[in-house]
Amino acid sequence: MSESISVVLIDDHGLCRRGLAELLERRAGIKVLGTTGDADEAVRLLRDGRPDLVIMDLRMAPVDGFTLLARIRAEGIESPVVVLTMSDLKDDLARAFRAGVRGYLLKDMGPDDVVDAIRRIGRGEIVVAPLMAAKLVDLLVPGKEGKTRDDYLKQLTEREREILQHLARGKSNKAIAQVLDISHDTVKLHVRHILSKLGLTSRVEAAVFAVEHRVSMEAGGRARASG
Amino acid sequence: MQTPQGDRPTIAAAAVAEADPHPRAFDVPAARAERGASANDAAGHDATAAPEHARLVREALRTALANERQMMANEVHDSLAQGLTYMRMRMSLLRDAIRDGDDVRAIKYWSDVDSSLTNAHRRLRELITYFRSRMDPQGLLHALQETTETFLDRTGVALEFANRVPDLDLPVGREVQVFHIVQEALANVCMHANARRARLTLERKGAGYEIVVDDDGVGIAADLVAEHGEAGHYGIAIMRERACRLGGELTLDSAPGAGTRVRLYFPAMEPQTESRL
């Protein structure tokens, strides 16, 4: 095991950072340059440390992995990134690979498999968690790829996204009209457009869609930047 | 029935409303706001208004359920999934240590798993308690009230709840973070502080809220507070992580013999971000 790669771990869960750092160092002789759950700190660590590999979670708060990834690239940091997450959503998988990650691993894969995958990614391979491989293939089969969250959101205007977000919080048209200082009829029109663009039939379906697809205004704007 | 003003339709409120044919009993924001337009002409004419209201109530209920489900998924992710991942990693190292005959490390990894299991169990208990109390239209405040009322019996520490925000109304995802931070602070009071009395204070501060947990216990040495973070008492790191998700901050003041004060400040508005899985 002469291969000695250096990594930085980005995860907003301290326990995961600590567990993985020690596992990688002890088991695989991988050098962990730093770990953090904070976006600014992450950018600093990557800029100073220039690791061979960045291991990153997706669902982090307040700055999620996709947003952070876009920011890292915007800073001119080219270190390859591998995702290590609990999310088994096809949509996240698609977004991650579109953003140029070198691997997509799941936290419930088993520690030995995670270590092995990270070693291989360090050698330049691309590794996908077995559970996600079929989903990746689906994305390539015409007709089965399905529309991803980004595809849907791209169809909506900023205003429509904003209204969708209010719908997700259970607000009525009238309440939305008040908040946005526009007429009730305008809101109705927007809602009708949202429904037709998303192929839905009721405002509740739209609200459920928004919750399930984690629509927020910023996420909509950034999603295109990272995609 | 009074529920706080705000965006969050509560499940119990919606459920009660659905069972009640009288519009005045509806207390779901969507239904309430839609009704505003026709309040004059619809008053007293339940027969024509009822189907429309029933639809609005159903819609509000489904939206609330979708939000609740998302919040629960986030909680399981934050509370349990990370602990399980950690334990599996520790078990893997434990196996190595046993194979190498390294007793010192074996004992260390074993005890990491052991304390992580204890923590996971406690968090699971909190989640169950919280999900159960979420069904109450009063949400977080009621959950805190319930915690306070049973605290003395459970822990032997007299806990006083000074609530200066009787109309607190937060989105469910924020409520659950606050609830867990308070639970964590209170767990420290009963496990480490050796306190006789404790006080939980909730008040409005500027554009946000402040929650303070004070106790008259043995306190923690300053260097331990600083060091403990990630390595020692997970509680402190986890409280900080949760405070960060709220866009807020957590401070811990303590000195040996002088009790401990955990202070959480968080802005009333949600930071703009995606929710997690």
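Analyst: Here is a walk through that sheet, its helices and, for context, its counterpart in the other chain.

First, the housekeeping: this is a predicted model, where local features need pLDDT of at least 70, side-chain atom pairs count only at pLDDT 80 or more, and totals for chains, interfaces and linings use all residues. Residues are numbered from 1 along each chain as its sequence is written, while chains are lettered from A and ligands numbered from 1 in the order in which they are written.

Chain A has 12 helices and 6 strands (DSSP runs numbered from the N terminus, H or I of at least four residues for helices, E of at least two for strands). The 6 strands make an open sheet, ordered β2-β1-β3-β4-β5-β6, with parallel pairing; two strands pair if DSSP finds at least two bridges between them. Angles here run from 0 to 180 degrees between N-to-C directions, with axes fitted to C-alpha atoms, for helices over the stretch in contact. Contact means C-beta atoms, placed from the backbone, within 7 Å.

Elsewhere in chain A, α8 (residues 158–168) and α10 (residues 184–198) pack at about 95°, axes 10 Å apart. That makes α8(A) roughly perpendicular to α10(A), a label covering 65 to 115 degrees. On the α8(A) side the contact uses A:R159, A:E160, A:I163 and A:L164, and α10(A) brings A:V187, A:H190, A:V191, A:H193 and A:I194.

Now the other chain, where 5 strands form an open sheet in the order β1-β2-β3-β5-β4 (chain B), with mixed pairing. Its edge strands are β1 (158–163) and β4 (249–254) of chain B. Strands β2 (residues 197–205) and β3 (residues 208–215) of chain B run antiparallel, joined by 8 bridges; B:R199 has its bridge partner, B:D214, in β3(B). Helix α6 (residues 139–155) of chain B packs on the sheet against β1 and β2, its direction making about 155° with that of β1(B). Helix α7 (residues 172–193) of chain B lies across β2, β3 and β5 (260–267), at about 10° to β3(B).

Definitions and conventions
Parallel < 35°, antiparallel > 145°, perpendicular 65-115°, else oblique. Contact = placed C-beta atoms within 7 Å.
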